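Please read these notes beside the sequence and the 3D view. Each point takes up one topic and gives the cut-offs for the terms it uses.

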Amino acid sequence: MKILVPVKRVADPDNANKVKVSADGARVTSEGLEWKLNPFDEYAVEAALRLNENGASGEKLGEVIIVSLGPDEVQTTIRQPLAMGADRGIHVKADDAELDSTVVAKVLAALVAQEKPDLVLMGKQAVDGDSNTAGQVLAELLGWPMATFAMAIETADGGKTLTIGREVDTGVLTLKVTPPAVVTVDLRIVAPGSVRNGVTPDAHKYGEGARYASLKGIMAAKKKAIDVRTLADLGVTDGAVVTYTKFERPPARTGSVRFVESAQELVQRLKTEAKVL
Amino acid sequence: MLAFPQGSRYQLNGDSFSGGRRRGPRPRKAPLVAFHPYTEEHELFRKQVRAFAEKELAPHAEEWERDELFPNWVFKRAGELGILGAHYPESAGGSGGDNWFSIAKSEELVKCGSAGVTMGLLVQSDMATPCIAELGTKDQIAEFLEPALRGEKIAALGVSEPGAGSDVAGLRTTARVDGDDYVINGSKTYITNGTRADFVTLLCKTDPDAGHHGISILLVPTNAKGFSVSKKLSKMGNWASDTAELFFDNVRVPKRNLLGQEGMGFIYLMQNFQSERLVGSSSAIAGAFLALDRSLDWGRERMAFGKPLIKREVWQHKLAELYTKCEAAKALVYKSADAFNHDRYVTQGDVSFETTKLIAMSKLFVGDVASEVADQVVQFHGGMGYLEELWVSRYFRDQRLFRIGGGTSEVMKYMIAKLSGW
């Protein structure tokens, strides 16, 4: 299969205490932050690699293309999936400020028209904005079938049909999808047996989580191509539909942990002191 | 000398440092250090080592401390990920990176939270093996180094003896020629990875009357007849790492296991020590930074007389001093690392006396700073710092080794004086 995997760089959540709001409240500043690959996108990369390989022999069965939008620095973000084993990258130059889920979806739709992948596999959401919309908007723009929150993907016919397990509140909802399609993945897609492509023997054990890039992979990734495009190249000139008016930090936590003697006292204090009941 | 097919990415340009053949975009902001040795590949590698340390090692840290041994799969997994051989040439089974890969690795491994695990891995990658890449024959590299860098054979370095430490001229372990073999007799102690090593890079006297010039290095498989582990040693700290006393009773190894030339062992060892001391220093100062960072988290939550500890001026001043000292120590380590990388990877020669002196200074200074940090983080945590429940008391015990292992602080001072010509 030919699989397109869009990825986004996000501020490392472990550095969350460095996230600051600009003095005028207009934006969240990114100075001094460490960037990492959005975890859900990393899982999508892992799922795409598992779909397109014989896990036991290492033989490749198709192409995995990585796309990211943003300033020049996102090429670093693209290198990681390339080091994990993806084949090539596309960098769409843009300022972070001019992007929202709609712009991203339009860019991806334009790239799909050029690349004609069988599948767009992406994280269910980015852990910075938590919008959870880009995949859905893309499926709508393309008129393609969509499966969100995938925690299992199975194919027995080389990807002509996909059986997708979706994680929903009541359990797992199983869908049959005929590609081309958009699939967004959830955390459990990287459990050892979540992806079955009919080629990797069932006895093959994948590790828990996304694979690491070995140093050999990192060195090999240097030689893989990253095409650079602009929004204008792809005909996406409308601008973002979402505008932000103001950011503010949640109020600082006051007081410290207090222990109460009984449930009654807890309810009483929640009513009279915290005023949340 | 190290043969590097691709040369190094880190080179001197005129009188300023530059990243050489940098690929990919330049950062918009000027980096915080005067020179920036790390490329995109180093940074990606660093993140992978960190993920390995935090996700695959740290969850087991307590268990391995109790067991006083971390399992062998840790070597294997580190080998698979290219962590052990990152800075070795491809011709020796490595990935062809420069020495900054090794520095980055040593800084990230400390995040596994167990100094014993970090030490065991560093012995494998930077202490028992560099001299094999440097001097080894094709067969020696295939038999010992390549499997060690894959994590399949565990390596130990045999230098110290019950009666001789850094004063290696006083060694008693001997190897005499008998036909096509060397026959080894003697014992070694304080040997990291010693209870389970597959081979020992062994320093011994091949000519007992020749002083420094009678010392050689032999590669000794531990399955050889007459080799035994006479004792597993109990230690103050670094519990997850096994340390042993080794005994050689008429152990025979073929002459082809001689590393380099006979009688040159002392010189070889002095070279080999430099990577050990450098990577130990970079790891120790990264550990000190981590201890301070973790202490801040505690200080934000812990209230004393109505204010978080971190808001108390006395602690603000103390922490400011400690962070400053750590930055200064790191700057010195980076200066040494730069000199080492230049000597070994750019000009591909021996480690110079000037670099050796800088590395001795780094180890000396980092040892003092790390010990002060360890003492103060215990104080900062108060009673909790003295309990086994928290990481603090373990850190206090573990870091103490650094002023001893790989040459004591006193030996470092002796060397600085000697290399300065006093």
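1. Buried means under 20% relative accessible area, exposed means over 50%, and partly exposed lies in between, with a 1.4 Å probe and protein chains only. Helices (H or I, at least four residues) and strands (E, at least two) are DSSP runs, numbered from the N terminus. The model is predicted, so local features need pLDDT of at least 70 and side-chain atom pairs count only at pLDDT 80 or more, while totals for chains, interfaces and linings use all residues. Residues are numbered from 1 along each chain as its sequence is written, chains are lettered from A and ligands numbered from 1 in the order in which they are written, and side-chain values use heavy atoms, with hydrogens and water left out.

2. Helix H12 of chain B covers residues 391-399 and has 8 of its 9 residues buried, so this helix is largely enclosed by the rest of the structure. The buried residues of H12(B) are B:Trp391, B:Val392, B:Ser393, B:Arg394, B:Tyr395, B:Arg397, B:Asp398 and B:Gln399. Their cover includes, from chain B, helices H2 (61-67), H5 (115-127), H8 (265-301), H10 (353-381) and H11 (383-386).

3. Next, the interface. Counting a contact as heavy atoms within 4.5 Å, 26 residues of chain B are in contact with 23 residues of chain A. Buried area is the accessible area (1.4 Å probe) that two parts lose on being put together, summed over both. For chain B and chain A this area is about 2100 Å², and carbon and sulfur atoms give 54% of it.

4. A polar contact is a pair of N or O atoms within 3.5 Å; within protein, one must be able to donate a hydrogen and the other to accept it, and residues adjacent in sequence count only if both atoms are side-chain atoms. By this rule, 8 residue pairs are in polar contact across the interface of chain B and chain A, both residues being at pLDDT 80 or more. On the side of chain B that touches chain A, helix H1 (40-57) and helix H3 (73-80) each supply at least two residues. The largest share of that side, 11 residues, comes from H1(B). By class, the side of chain B that touches chain A has 8 nonpolar, 5 polar and 13 charged residues. Here Ala, Val, Leu, Ile, Met, Phe, Trp, Tyr, Cys and Pro count as nonpolar, Asp, Glu, Lys and Arg as charged, and the others, Gly among them, as polar.

5. How many residues of H1(B) are buried? The count is 14 of 18, and H1(B) is mostly covered. From first C-alpha to last, H1(B) reaches 25 Å, close to the 26 Å expected at 1.5 Å a residue. The expected span is 1.5 Å times one less than the number of residues.

6. A salt bridge is a side-chain nitrogen of Lys or Arg within 4 Å of a carboxyl oxygen of Asp or Glu. The rule gives 40 salt bridges over all chains, and 2 between chain B and chain A. One salt bridge joins A:Arg79 and B:Glu40, at 3.4 Å from N to O.

7. In chain A, the salt bridge of A:Arg269 with A:Glu265 has its closest N and O atoms 2.8 Å apart. Both residues lie in helix H6 (residues 263-272) of chain A, 4 residues apart, about one turn of the helix. An α-helix has 3.6 residues a turn, so residues three or four places apart point the same way.

8. In chain B, B:Lys188 and B:Glu161 form a salt bridge (3.0 Å, N to O). B:Lys188 is in strand S5 (residues 181-192) and B:Glu161 is in the loop between strand S3 (155-158) and strand S4 (174-178), so the pair ties together parts that are 27 residues apart in sequence. B:Lys188 is buried at 0% relative accessible area, and B:Glu161 is buried at 4%.

9. Some backbone details remain. A cis peptide bond joins A:Pro179 and A:Pro180, with omega about 5 degrees. B:Tyr190 has a positive phi near 60 degrees, though the residue is not glycine; B:Tyr190 lies in strand S5 of chain B and is exposed at 59% relative accessibility. B:Phe305, also not glycine, has a positive phi near 50 degrees, and this residue is exposed with a relative accessible area of 83%.
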